[in-house]
Amino acid sequence: MGFQVFLDIAVVALRFLLPVYAVVIIYQCFASMRRHRRPEKPLVTLELKDTGQQVPVLFWENSIGRSKGSDICVNDPTVSREHCVLLRRQEGWLVSDIGSKGGTYVNGKKARSRTQVLIDDEISVGSTTFVLKRGDEFQDRIRPSWFFSKASNKGSLQPYKLMLLITFFHLFMTVEACFTNEVQDFTPFTIFLIMEALLWGFFFVSTVVFKRINFELEALASFMTGIGVILLVRQEIRSAYVQLIAATVGIVLFCFLVKFIENPDRVDSWRMAIMIGAVGLLAVNLVFGSVQHGAQNWIQIGPISIQPSEFVKVAYIFVGAAALDKLQTKRNFFEFIVFSAICVGALALMGDFGTALIFFATFLLIAFMRSGDFKTVLLALVSVVFAGMIVLKFKPYVANRFAAWGHVWEHAQDTAYQQARVLTYTASGGLSGVGVGNGYLKYIFASESDLVFGILAEEMGVIVAFALTFAIIMLAFYARAITTRSRSTFYSISACCAAGLMVIQASLNIFGATDILPLTGVTFPFVSAGGSSMIACWGLLAFIKAADERTYAAKRLSKHKEER
């Protein structure tokens, strides 16, 4: 009896500890990212030959032109709006003309393709001549990105310590799952041991084999993945194992993508092949896909069901960023617009309007990054409103969701049954939750996927639910902050768009489940059940990882030592 009382007290204590613990882990992840300050000196500078004025070169790829949107704006009427690009590659600094009227010259010779530029070489655009100088000659202080501006100078938390914090959090969740109100057994420990073996194996490969000097992004994703898996243990044990297998595949995809896009020049050579593959995958889905819950977005292969549209998300970011990157040398946005129309159109034909909306929102993000013009975005929004009216006209079940939107309590027993239960059980969870496995929302259809925010809030409390939401949002801010040091425009664009896609997806999941928006049936990144979604999320994370200049730092340092 005494032991049982002690056990009950311990479980209750864990219930109040975990929300605070979750906040600490997420804080440590982002605090470690923030403590990596970007150098305060530019990479190199361009000195105006006539006046001696110095212009700092801050990026690995810098557009030069008369346009105000250029990285280096030249107030010279003889310079084209988009004249040339100064970029850094493994072989050094290069300049590439992008179809300017007057051409680009290096030391008086016309640059017909990528031309190497050395220190003290002259670059002529129109009637303006720059001299390439070392960055350490620039006297002014460069203000760092706001994300790093108030960063502490103390060292970051070591990766293995961060992983230990995450492991203990997962352990405490597992203990809660073992002693629920309904059943008491140690089955969750099997899942816990397998999962931690996977995550620590990934940690070893990343830090020892690949010699990565930063692990914060992977730690954050591992933290959220583990939460989703353990929540599944008391819902459907088979789904927990499936989720673990999907996480394994996702981690492998993450490692492969980070390595694959290491060379920016390799990206463009694969762009067309990946675009054709993505369209082919959607075509196969349209022909052979099975209808589940009103959408033909599943392909059944024996006992395995996959959702191709999730994998196309990764391809879409790859192709979109590669196309936009290529626009610096080929002003052609039409190709990507056609690809986007095919993707969104195919998803609409499948009835997967939630994913179609995610693709469209991502397209708006890419379009804005391309043009910087709100008129382009406004035109696209008007088009989608018109398309939405057509959908509501010919897809009655979608119209039903809109009819229940904002009237959840009036339709609590029919079309808004799920949202009504999410709101009820979220309120019952309070700040600290009722404990892992003790909730009632798990008995509602799609609770482990579309309604997982409600599960988080009910069983772990709104503090944990909001903390994980905050973590996804902060990924977008982090992606934006690190783009100034990315080695290629491709990395900058893909990181921002991948993080933006995850924010959009999380927003649709949360707002749909809580009746702020119509329920669209999309997943919460890393936490919702769904093997295809899990794999895609790890794939998207690879783009953010590649944009961080520290990702390939160990390799560059090793090469530098060998050369010396």
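Two strands pair if DSSP finds at least two bridges between them. Helices (H or I, at least four residues) and strands (E, at least two) are DSSP runs, numbered from the N terminus. This is a predicted model: local features need pLDDT of at least 70, side-chain atom pairs count only at pLDDT 80 or more, and totals for chains, interfaces and linings use all residues. Residues are numbered from 1 along each chain as its sequence is written, and side-chain values use heavy atoms, with hydrogens and water left out.

**Figure 1. Overview of the protein.** The protein has 18 helices and 14 strands. Of its 564 residues, 54% count as buried, where buried means under 20% relative accessible area, exposed over 50% and partly exposed in between (1.4 Å probe, protein chains only). A contact means heavy atoms within 4.5 Å. Among contacts with a separation of 6 or more, 67% come from residues 24 or more positions apart.

**Figure 2. The open sheet of five strands.** Its order is β4-β3-β5-β6-β9, with mixed pairing. β4 (72-73) and β9 stand at the edges with a single partner strand each, so one side of each has no neighbour in the sheet. Strands of a sheet pair through backbone hydrogen bonds, either parallel or antiparallel.

**Figure 3. Strand β6 and its two partners.** β5 (residues 84-89) and β6 (residues 92-97) run antiparallel and are joined by six bridges. They form a hairpin, with two residues between them. L87 has L94 of β6 as its bridge partner. C84 stands opposite D97 in β6. β6 also pairs with β9 (residues 115-117), in the antiparallel sense, over three bridges. There, W93 has V117 of β9 as its bridge partner.

Figure 4. The structure holds four cavities of 30 Å³ or more. On a 1 Å grid over the protein atoms alone, a cavity is a set of points where a 1.4 Å probe fits but cannot get out; lining residues have an atom within 4 Å of a point. Grid points are joined across faces, edges and corners, and a volume is the space filled by probe spheres set on the points. The second largest cavity has a volume of about 50 Å³. Its lining is F202, S206, F210, R212, E218, F254, C255 and V258. These residues divide into five nonpolar, one polar and two charged. Ala, Val, Leu, Ile, Met, Phe, Trp, Tyr, Cys and Pro count as nonpolar, Asp, Glu, Lys and Arg as charged, and the others, Gly among them, as polar. α4 (187-209) and α6 (237-260) each supply at least two lining residues. α6 gives the most, with three.

**Figure 5. G226 in helix α5.** G226 is found in α5 (residues 216-233). G226 is buried, with a relative accessible area of 0%. Leaving aside neighbours within four places in sequence, G226 is in contact with H170 and M195. The C-alpha atoms of G226 and I191 are separated by 9.8 Å, and the two residues are 35 apart along the chain.

Figure 6. The expected span of a helix is 1.5 Å times one less than its number of residues. For the 13 residues of α13 (residues 417-429) this gives 18 Å, and the end C-alpha atoms are 18 Å apart, which agrees. Q418, Q419, A420, R421, V422, T426 and G429 are buried in α13. The buried residues of α13 pack against α14 (452-460), α15 (462-482) and α16 (489-513). G430 follows α13 and has a positive phi, near 65°.

Methods:
On a 1 Å grid over the protein atoms alone, a cavity is a set of points where a 1.4 Å probe fits but cannot get out, and a pocket is an open set with protein on both sides within 12 Å along at least five of seven lines; lining residues have an atom within 4 Å of a point.
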